[in-house]
Amino acid sequence: MERYSGFGLIKHAIRHHENWQRAWRNPAPKKQYDIIIVGGGGHGLATAYYLAKEFGVTNVAVMEKGYLGGGNTGRNTTIVRSNYLWNESAHLYEHALQLWEGLSRDLNYNVMFSQRGVLNLGHTLQDMRDIRRRVNANRLNGIDGEVLDSTQVQKLVPILNCSEKSRYPVLGASWQPRGGVARHDAVAWGFARAADSLGVDLIQECEVTGFEIEDSRVRGVKTRRYGSIGARKVACVAAGNSGLLANLAGFELPIESHPLQALVSEPIKPVLHRVVMSNQVHGYISQSNKGDLVIGAGIDSYNGYGQRGSYPKIEQALAAIIELFPIFSRVPMNRQWGGTVDTTPDACPIIGESPVTNLFFNCGWGTGGFKATPGSGQVFAASLAGDEMHPLAKPFCLTRFYSGALIDEHGAAGVAH
Amino acid sequence: MKQVNRIVGGRCVDYDAEIGFTFNGKSYQGLRGDTLASALLANGVDVLARSFKYGRPRGIIAAGVEEPNAILQVGATEATQVPNVRATQQILYAGLVCRSTSGSPSLRWSLTGLVGRLFGRLMPPGFYYKTFMFPGFMWRFYEYVMRRVAGLGKAPTVKDPDIYDHLNHHCDLLIIGAGPAGLTAARVAGKSGARVVILDEQAQLGGCLLHMNNRIDGLPPATWLAQTLEQLTGLDNVLMLPGTAAVGYHDHNFIVAHEIVAHKTSGHKMAGHKIVNHAGRDDSPRLPRERIHKIRAAQVILATGAQERPLVFSNNDLPGCIQASATSVYIHRYGVLPGRRLVLMTTNDHGYQAALDWHAAGVAGQESDEKRGRARRQVVAVVDARPQADSPLIQAIRSAGIRVISGSAVIEAIGKRRVRGVKIAAIDSLGGSVTGKVETISCDTLASSGGWSPVVHLSCHTGSKPIWHDEYGCFVPGETIQAQHCAGAITGVMTLGSVLAQGAESGRVAALAAGFSLSLSDDDIPQAEAIEEAPGIQLFHLPHIKSTSRAPKQFVDFQLDVSAADIELAAREGFESIEHVKRYTALGFGTDQGKLGNVAGVAITARVLGKSIAETGTTMFRPNYTPISFGSVVGRDCGELFDPVRYTAIQSWHEQQGAKFENVGQWKRPWYYPRPGESMQDSLNRECLAVRQQVGILDASTLGKIDIQGPDVREFLNRIYTNAWLKLPVGQCRYGLMCGEDGMVIDDGVTAALGDNHFLMHTTTGGAAQILEWLELWHQTEWQELRVYFNSVTDQWNTATLSGPKSRDLLQGLTDIDLSGEAFPFMHWRVGRVAGIPARVFRVSFTGELSYEINVQANYGLRLWQMLVSHGEQYEITPYGTETMHILRAEKGFVIVGQDTDGSVTPDDLGMGWALSKQKRFSFIGKRGMARGDCQSRGRKQLVGLLPVDPEYLLSEGSQLVCDPAQIANMVGHVTSSYYSATLGRCFALALVKDGHRRMGETIYSPGVKSVSRATICEPVFYDPEGERQNV
Amino acid sequence: MKHLSMNHLPDSPREGHSPLAQAGSLQPPVGGLALSITEKVMLGHLVIRGDSDAPELARAIHDLLGLRLPSAPLQSCEDEHQGRVLRWVSPDEWLLTLPGENLTEVEAGLRARLDERFAIVDVSGGQTMLHLSGEDAELVLRKSTSYDVHLVNFPEGKTVIITFARSQVMLRRLSADSFELIVRRSFADYIWRWIHDAASEDGSALRKGDN
Amino acid sequence: MLRIYCPHCAEYRDEEEFHYAGQAHIVRPADPDACTDKDWGAYLYFRKNPCGLHHELWSHAVGCRKFLKVIRDTLSYEIRESSPIGGKTAVELSLPPSMPPGSNDS
């Protein structure tokens, strides 16, 4: 793999950029792999990368039905934070956050992880109770975080409407300085390039149409383009399609797929330097390095795979943003789009074994998968490479939906994004 | 400065109405009817911007929404700033102030221009992914610089003074685009009686009719247009919305359209131009700045036309390079000829129109130009990429004495801040390479036409992919399940006659589909003079003598400085999907969303990959078609109307008493009633002691109330609640606990048996609506056999709660109900009159004191309240708010669902196993759920009381708890409620603690930021554990 | 158990406070939308629930009120003389409004004739009625609801429950340019403010060629 | 924004008036207490979640407050049918033949 650097850039500039190498190969698949990963988004590519890099498993293929990073990886609002309520989630997301902090150099690809800090606003007394509960738990778990009052919030974000007269005044916030945003495409491409260089085959435009299953043990995958491809283990990491893959393997998951929308403004000069999220008023916003205000809208209530949702969600999101930031009223909204998110009953992912032996799922990240990308990949890779699930993944097993050991992040965790 | 480029004959401007405006601090004149772009061009302003990456000078290239360069900051005052206004869409008004959004320190001497020239080579696509990684700590600095460079305009720094409107429409037929096809469709459908809405993004209806010359039905286009508009105006069932852009096409034919209202009326009264009356208050009616039209249409006709593609060649971004059709628009609509010496580069016949128009304008203005000693305006040459094209249009050009250079292409524009000349050369028949010698021609304007791109965007918003049409050389709308029709240039058909015929036919078909039949007569189909055309060729990227990577930059996407070389490089680096190309190079990510460049970008990608354009496909278009302000989307849902505020009937009294309010759901509830000089804690202490010692009064009207009637009401309650309801005698109440099917507590409240078949259920304030729907869900989908009816009576009843040892005495003085303990025991209810008002009184208690909840019809709520308060003076009655209520109930260990529970708590966890009926035949909702393994196992968090070892220490609500202060990560629970109790004279708390029920008396620790506090676990009842006080 | 009507005070109905008693009257500014809005205070509002096929229901309604029970969706029946309106709300629900002074008697009459399979619920204090009239009444509705209030779809007498701004109302058309809105008490203030805001707009540009 | 036919009101109404209530035809086990944890988990949480036609429940929350069954394509969002829960209602029977409950305006 050619190492990217400023010097390299100069070298290539002299040659009119005519000699850049491919970022990744475009191989035809082999007949048999040790592990096939279904889904070439951030989580799948990260899984492949860590399998190769940390566990020496390089006979790996990533099967992507479209193009790499074309699902939710390339559609989300790129917020990264780890201040989740319950220990199980907090540990997993914090593990991811620590990987984020060194990711650009690890991948030799600038994923533009920008630790500008994340505020979760509280507007009601109960919001503030929940925020204190969460921040206290984070603190004891070694995760950075503070409870701020409205004066402190105002100081961090001077353009935020902290007036006591507003409909839902800002009473305070939780503040995680290490949180921030990253460049979503770069994450997929960085993992892809690094995995490819370690020998992983990235197979694009190759939809998995079924599984080869014998004696309820998976033997490989079926594809329309290349027929059957064998594998010792198959790992599905296909947000927005998890339920469909499960159906192909003959079972159901506790997942519903919903549209989730986002929108951006036209680029404006830097004006918002933090990530601001609000549960009660329901909107979240950051400003990208390009200058766009990146805004997350609410999830649509109905099941949908259309990668688009209903217009009222956009109206509600912008009403919330204007309530929080009245000065954005005259800023033009450029584009809206949608992704398909797999939601679980407890707003926590499912990472682990399935009813089919050697068929694994890493899914159900709902609206918050992007921030977990490196952690999810690393933990899942460790689980696939070894004989049992990684300790951080264990609580997220499928069987919790039978036993009742749910990890309910709905109630007190702020917006689960 | 005079309007050097203004000529006569502009159809849309008023030559008698000069209006002044300011650009970059300099004053200019324009005409009413101008766009900001036409006015700037009229004044000979070439450079409006510096480009994003390389800081190159940029001017106006188009005349409509596709304009990528002329993005300005508009606004005279801080509050009325509008960032990123496209000059081609901004209608000129008197006093308009605008400035460039790029170029520092000035457009002429731009620092980014310098950096771009020096370091532009170091900025290939995605360079930022490959650099700025070392050393790691420098990233913040790099990012700071990057952010400063990026971004166009700036947001205002103060609140928007303007208002925005929304208007809903329903129609049988919505026609988007009022050009020849749309207007014809409207005329046809209008006659059928269908409700028709026709809208167009342009302030004037007519589309290309406003600048074309072809006669229709033997009439000049302007005359035909005027006639048609008059006919449509005469139809009551046709609504015309000019200046209204359809920006989003959503599912089930829901279209969002955006209108800029303030433009349309002169002397409009926007807040930005406030008219203040003598009292200094602005109470005059205002116009909204913008309006969103939300249109639900049975049928939609897309008649959105097409946008011309400029060609890609070296330095094609120099000011003076312009879309061929845009020159015709500026000439005919605004009377602006944006240069003197034109070279036209075209791949098709349509481009010739620009040369003809330019030539005619030059001839017409010859005399006046000569008088003023100006150079004559002329067409220097037409360069046609086709080897041997011939048609009447081409002959017309030739016969005007204009040089036509066939089989050639402009390969490069020359100039620094404006085109000075072009290099042309013969090219091969496929346009792949230069075959002849390079000739330089001097000119100041280069118009180019590379064919047309149908405006397919709206058709894609609901998920339909556009299809490449090989014959027409463009993407056309793909299959859709929407009730959608297409007519005119959007279908790729460009000849006027066909466009008109399609318009008429689509009008008929759509009206028919909407249930209105009509037949087309010949008169319905306007006839246009047929003009023979030579076929165009598909050429997007003109060759250069150097390779793409070495030739001067050939821009595909102007706004984001994406060049042909960038696209080629992306493909070489393995970014092969068109989506990857888009994302890697940023092609089409600008505010114009790639309207000019997308197709060329796809074509270049296809060529590099050796694929066809059809195989390569295009990226998806998403709403908005053209950007709209956040404010317009929000409409009135801002400020005090952001979300409904719900008030009880007592609100005015609470306000008079100076209550502080708490938001509970959408309700405003009195939180506490501070007296002058009191701290919040002082007030709470006073209110608490008043209830414990005298009597307090609480507005409890917000509690959800559901009236349930029917023969099976008891059975229903028995199933939905965890406890038993079959035998509750009429006249009594019972506390009920409700769970979800997972066994977790979702709501609680007191429910009363009003009759054998009539119950009144109380829910939490926040849960009222959801619980009503929960009951309906079970009734309608599972237990239809149960005969019950549910009705919300939350708003019907106003509830004044009297609580405290004196409450009986107080109330007895006002009511005919016998309040004695024997006649009216605890957990009973009675009907009577209170203060002369019919009332239902519940003897229940959420404070642990003797309490009466007096319910009256809400219209009499305030009256009752006032009577209770005035009569209560002798008992020192004290109003108390939600906070006091919370303290008092916590002293009694009563939980609040949502505060002491979080969706993961079972009744057993709360120590409320007594509320679970084991005898019920029916397995009530939640019973099986709470029996699951992990809901019964050890280690569940259970509700306990906490007494801080230091009685003055108030544990913070939300504090985490540990058993061993040395192992703080081993959290065993958290504090859900915590208060200072004036009654107890100490602090206390409720908490959920793992296995808490078995840990009574143990010490538990709460590690704070600075220190660790200690508390003792106890039963969660701190006051009157026997319940004697409420039961007196 | 004897039912006591709790709507009407025989001695002094004026002691009550309608939900918008304090809002005063709505006066759009001169040049604003042509609109007037009044609260119809102290009416009786009764919800009637039951099987629409049950003959005794239609009979009781007819005998007591002189009204036909609207069995088709979204219909209403009115006795203008008596000031009684009966609206279809759902397949098993109707809303009766009538002068406050008749409420006790009518409620008692209905209860006497309808057994426990039917439900009667007094909601007179829980909601209030507004009359919205004027040239621009329909326009204000179109700013506020996505329901199609055009005369073609929404003729006189038709009654619908619809979203209205961020709340909801029961809407009935009285005539070409007048409407009846029934709103929940606690939302009345919000709806009032909303209408006032919408009506404060210069409507001259809007009126031309509406459909 | 979806436009949903309410079979009770016999009209198309905007999605905003409705509340989604998830997959239809989930039958509560007749004897919950006889269910294993696995049975109960399947009933509580596991869903078909198809990409294509989905049988689902909606409530006409702002309106008649009645639930209805809708068959909707989760990819195209096209609604194929909406019908009342259980048997036919009087409303449904009184529909003009030109507007069957399953018809769609898009």
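Hi everyone, let's start with one residue: Gln336(A) is buried, because its relative accessible area is 4%, and the cut-off for buried is under 20%. Keep in mind that what we are looking at is a predicted model.

So where does Gln336(A) sit in chain A? You'll find Gln336(A) in strand β16, which covers residues 332-343. Its side chain makes a polar contact of 3.4 Å with the side chain of Gln261(A). Leaving aside residues up to four places away in sequence, Gln336(A) touches residues of chain A, including Tyr311(A) and Ile314(A), and also residues of chain B, among them His250(B) and Arg622(B).

Now, on to salt bridges. How many are there over all chains? The count comes to 90.

Here is one to find on your screen: the side chains of Arg636(B) and Asp165(B) meet in a salt bridge, at 2.7 Å from N to O. This pair links distant parts of the chain, 471 residues apart. Arg636(B) lies in the loop between α17 and α18, while Asp165(B) belongs to strand β8. Are these two buried or exposed? Both Arg636(B) and Asp165(B) are buried. They also belong to a network of salt bridges that includes Glu259(B) and Arg291(B), along with Lys143(C), Asp197(C) and Glu201(C).

Two other pairs in chain B, quickly. Glu290(B) and Arg289(B) form a salt bridge at 3.2 Å, and each of them is buried. Arg377(B) and Asp369(B) form another, at 3.8 Å. Why do we call this last pair buried? Because Arg377(B) has a relative accessible area of 3% and Asp369(B) has 5%, with the cut-off at under 20%.

Notes
Residues are numbered from 1 along each chain as its sequence is written. Chains are lettered from A and ligands numbered from 1 in the order in which they are written. This is a predicted model: local features need pLDDT of at least 70, side-chain atom pairs count only at pLDDT 80 or more; totals for chains, interfaces and linings use all residues. Side-chain values use heavy atoms; hydrogens and water are left out. Helices (H or I, at least four residues) and strands (E, at least two) are DSSP runs, numbered from the N terminus. Buried means under 20% relative accessible area, exposed over 50%, partly exposed in between (1.4 Å probe, protein chains only). A polar contact is a pair of N or O atoms within 3.5 Å; within protein, one must be able to donate a hydrogen and the other to accept it, and residues adjacent in sequence count only if both atoms are side-chain atoms. Contact means heavy atoms within 4.5 Å. A salt bridge is a side-chain nitrogen of Lys or Arg within 4 Å of a carboxyl oxygen of Asp or Glu.
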